Amino acid sequence: MSLIPSFFGGRHGGVFDPFSRDIWDPFEGFGLAAAVQPPSGGDREAAAIANARIDWKETPEGHVFKVDLPGLKKEEVKVEVEDGRVLQISGEKRREQEEKTDKWHRVERSSGRFARRFRLPENVRLDEVRANMENGVLTVVVPKAEEKKPEVKAIDVAGGELERERAE
């Protein structure tokens with residue numbers, strides 16, 4: 001047991017024990033506990049959905065999405081384009097099989113389904129979308145369509161002859 005006093009309440013007789021099996025909540029008493037605590041029970045699936053972090057950047061060639069998916073195999077991830085121009089990235093991280101003889105001390109890794117959807121701009125080539133999974137990072141590249149440049153027609157400028165033709 002640690003001899004460090006607890007600044008947040010009278011648990012363990014006023015002494016904070018960092019090796020206790022109890023969860024120490026540094027925000028206890030401030031009304032913030034529910035906002036910062038990891039979800040438990042049935043909320044873990046919601047946490048997995050929220051934890052699919054994605055970066056989306058636009059380059060001159062296209063749009064690049066990078067998703068951190070540690071522990072997932074490429075077979076567990078789906079990349080789809082639906083409803084015209086909606087890119088959906090989804091998958092499921094399964095919980096490890098629990099043995100009845102196992103005694104868990106801490107479970108912090110999330111499991112469950114995740115899905116993220118993005119409306120793509122009109123200037124993309126949906127038939128050329130490609131995805132690659134390497135070292136737990138999914139990269140999806142959506143190439144841009146070539147911009148149609150307006151056709152410009154040059155007009156010859158006449159020097160006074162056009163005005164004379166109109167007058168006659």
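User: Leaving aside its neighbours within four places in sequence, which residues is Ser 90 in contact with?

Analyst: In this predicted model, Ser 90 is in contact with Glu 76, Val 77, Lys 78, Phe 114 and Ala 115. Contact here requires heavy atoms within 4.5 Å. Ser 90 itself sits in strand β4, residues 86-93.

User: Is Ser 90 called buried or exposed, and why?

Analyst: Buried is the term for a relative accessible area under 20%. Ser 90 has 10%, so Ser 90 is called buried. Over the protein chain, buried residues make up 24% of the 168 residues.

User: What makes β1 and β2 a pair of strands?

Analyst: A pair needs at least two bridges found by DSSP. Five bridges join β1 (residues 54-58) to β2 (residues 62-68), so the two strands count as paired. They run antiparallel. Among the partners, Ile 54 is bridged to Val 67 in β2. Three residues lie between β1 and β2, and the two strands form a hairpin.

User: How do you know which class of accessibility Lys 144 belongs to?

Analyst: The relative accessible area of Lys 144 is 17%. The limit for buried is under 20%, so Lys 144 is classed as buried. Lys 144 is found in the loop between β7 (137-143) and α3 (161-167). Apart from neighbours within four places in sequence, the contacts of Lys 144 include Glu 58, Thr 59, Pro 60, Asn 123 and Val 124.

User: What lies 3.1 Å from a polar atom of the side chain of Lys 144?

Analyst: The backbone oxygen of Thr 59 lies at that distance.

User: Why is the meeting of Lys 144 and Glu 58 called a salt bridge?

Analyst: The definition asks for a side-chain nitrogen of Lys or Arg within 4 Å of a carboxyl oxygen of Asp or Glu. The side chains of Lys 144 and Glu 58 meet at 2.7 Å, N to O, so the pair qualifies. Glu 58 has a relative accessibility of 53%, and the limit for exposed is over 50%, so Glu 58 counts as exposed.

User: How many salt bridges does a search of the whole structure find?

Analyst: The search finds four. One of them joins Arg 117 and Glu 82, with the closest N and O atoms 2.6 Å apart. That pair links distant parts of the chain, with Arg 117 in strand β5 and Glu 82 in strand β3 (residues 77-82), 35 residues apart. Arg 117 has a relative accessible area of 46% and is partly exposed. Glu 82, at 24%, is also partly exposed.

User: What makes Arg 113 and Glu 92 a salt bridge?

Analyst: Their closest N and O atoms are 3.7 Å apart. The cut-off is within 4 Å, so this pair counts as well. Arg 113 lies in strand β5 and Glu 92 in strand β4, and the pair therefore ties together parts that are 21 residues apart in sequence.

User: Which residues of the largest nonpolar core touch the most other members?

Analyst: Of its 17 residues, these are Phe 65, Leu 69, Ile 89, Leu 138 and Val 140. Two or more residues each come from β2, β4, β5 (112-119) and β7. β7 gives the most, with three residues. Not counting residues up to four places away in sequence, Leu 138 touches Phe 65, Leu 69 and Ile 89, among others.

Terms used: Residues numbered from 1 in each chain as written. Predicted model: local features only at pLDDT ≥ 70, side-chain atom pairs only at ≥ 80, totals over all residues. Heavy atoms only, no water. Buried < 20%, exposed > 50% of the residue type's maximum accessible area, 1.4 Å probe, protein only. Helix = DSSP H or I, 4+ residues; strand = E, 2+ residues; numbered from the N terminus. Polar contact = N/O pair within 3.5 Å; in protein donor to acceptor, adjacent residues only side chain to side chain. Core = buried A, V, L, I, M, F, W, Y, C linked by side-chain atoms within 4.5 Å.
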